[in-house]
Amino acid sequence: MSRIWAGIDSGKGHHHGLALDTDGKTLLSRRVANDEPELLKLIGDVLDLADGRQVTWAIDMTGGEPALLLALLVNHGQEVLYVPGRLVNRASDGYRGEGKTDARDAYVIADQARMGRDLRPIRPGDEAAIELKLLTGRRADLVEDRTRVVNRLRGTLLSMFPALERALDVTNTGPLRLLTGYQTPASIRRTGTARLTKWLANRKVRNARVLAETAVEAAERQHTAVPGEKTTAKLVHTLAEEVMALNQQISEMDKLIEGRFREHELADIVQSVPGIGTVLGAEFVAAVGGSLDGFDSPDALAAFAGVAPAPRDSGKVSGNLHRPLNYHRRLQRVFYTSALVSVRYDPNSRKFYDRKRAEGKKHVQAVLALARRRVNVLWALIRDRRCYQVTPSVTTAV
């Protein structure tokens with residue numbers, strides 16, 4: 001069937017739209033503002049060019065900057081394919097011209113959609129799935145921010161007071177609270193164990209005595225002040241407060257995610273699987289758009305999640321399996337992390353993991369194999385609308 005392929009290179013303030021016919025000839029190329037009237041005009045012009053032919057749209061993002069355009073395309077009943085940005089970057093080398101331009105990228109997107117056969121359509125998720133995607137995305141940003149600040153805090157403290165940096169876990173609330181009041185060896189020695197314990201206890205720090213003793217012991221190991229100690233101490237204080245503030249924001253975000261996730265129809269089923277808690281469950285629902293309607297089989301879901309190895313056989317070499325290049329990284333995290341946790345708490349998962357290790361697989365390989373198996377399990381549970389249950393061990397009747 002004759003059709004038109006429309007590629008969109010998305011941006012913050014503007015998108016570039018380009019339409020091709022089945023022979024790869026450019027029919028339209030235009031830069032449009034990320035504004036509803038202009039986007040509607042672009043859609044209308046492409047549909048007019050189609051003149052009854054089917055139009056397939058392709059885009060390199062599934063949310064964020066092109067969210068308004070995607071909503072308009074869905075409302076107009078248009079088919080939209082997702083062309084991953086990494087695929088566009090790799091494919092660009094095979095096209096004429098040098099340099100990176102929006103029009104060139106739009107052409108590559110449209111042409112890859114024209115020639116591709118395994119691109120996933122973008123389907124509108126339910127409202128809860130969209131909200132969970134926003135919330136879990138925000139949480140991931142906060143966690144990344146916290147990791148950066150924690151690393152900066154460790155480096156700053158190490159440059160001034162290495163003994164205390166070794167002794168404290170600055171991801172925990174107690175050590176962070178300590179660093180908001182005391183940073184230098186001299187100040188901790190002057191305060192002493194008893195007064196420091198009281199100061200921490202008044203701020204509701206758990207195991208205040210143990211923490212105070214640890215800090216004083218570290219202070220006794222360093223009697224030399226490094227150059228710039230005063231300024232470094234202020235930076236440690238500021239960074240510790242930043243980490244605590246980020247911890248509070250993450251905690252509040254977790255409450256929002258939990259409340260929205262529990263309202264979803266799949267929440268009880270997904271969370272019944274060992275190793276999948278509220279956050280991983282919410283990320284799963286967000287990644288699949290609230291249902292498994294977009295996947296024909298567990299194999300398709302496993303491929304989308306990146307836990308099904310892709311063959312790279314060539315010549316006489318066979319059985320050469322590697323991780324696929326295009327997959328949903330957040331969904332892979334759901335299955336891999338939950339598999340890792342389930343080995344400790346679920347006897348079924350532990351038995352499967354031990355069997356794979358006995359077959360000679362390394363730890364990561366065994367966990368990936370378990371993650372792949374859990375795709376089948378979760379698929380069956382959602383299909384049958386039932387929760388996971390631990391299979392009782394078979395006992396011999398006496």
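**Salt bridges and one buried threonine**

Good morning. I begin with Arg139, which counts as buried at 16% relative accessibility, where buried means under 20% relative accessible area, exposed over 50%, and partly exposed in between, with a 1.4 Å probe and protein chains only.

Before going on, a word on the source. This is a predicted model, in which local features need pLDDT of at least 70, side-chain atom pairs count only at pLDDT 80 or more, and totals for chains, interfaces and linings use all residues. Residues are numbered from 1 along each chain as its sequence is written, and side-chain values use heavy atoms, with hydrogens and water left out.

Which residue forms a salt bridge with Arg139? The partner is Asp254, and the closest N and O atoms are 2.5 Å apart. By salt bridge I mean a side-chain nitrogen of Lys or Arg within 4 Å of a carboxyl oxygen of Asp or Glu. Arg139 belongs to helix α5 (residues 127-160) and Asp254 to helix α10, so this pair ties together parts that are 115 residues apart in sequence. Helices here are DSSP runs of H or I with at least four residues, and strands are runs of E with at least two, numbered from the N terminus. Asp254 itself is partly exposed, its relative accessible area being 24%.

The second pair is Glu283 and Arg333, whose side chains meet in a salt bridge at 2.5 Å, N to O. Because Glu283 sits in helix α12 (residues 278-288) and Arg333 in helix α14 (residues 329-345), the pair ties together parts that are 50 residues apart in sequence. Glu283 is buried, at a relative accessible area of 5%, whereas Arg333 is partly exposed at 36%.

A further salt bridge joins Lys356 and Glu359, with 3.5 Å between the closest N and O atoms. Lys356 counts as buried, at 16% relative accessibility.

Is Thr232 buried or exposed? At 13% relative accessibility, Thr232 counts as buried. A polar atom of its side chain lies 2.8 Å from the backbone oxygen of Gly228. Leaving aside neighbours within four places in sequence, Thr232 is in contact (heavy atoms within 4.5 Å) with Thr156, Ser159 and Met160.

Thank you for your attention.

Notes. A polar contact is a pair of N or O atoms within 3.5 Å; within protein, one must be able to donate a hydrogen and the other to accept it, and residues adjacent in sequence count only if both atoms are side-chain atoms.
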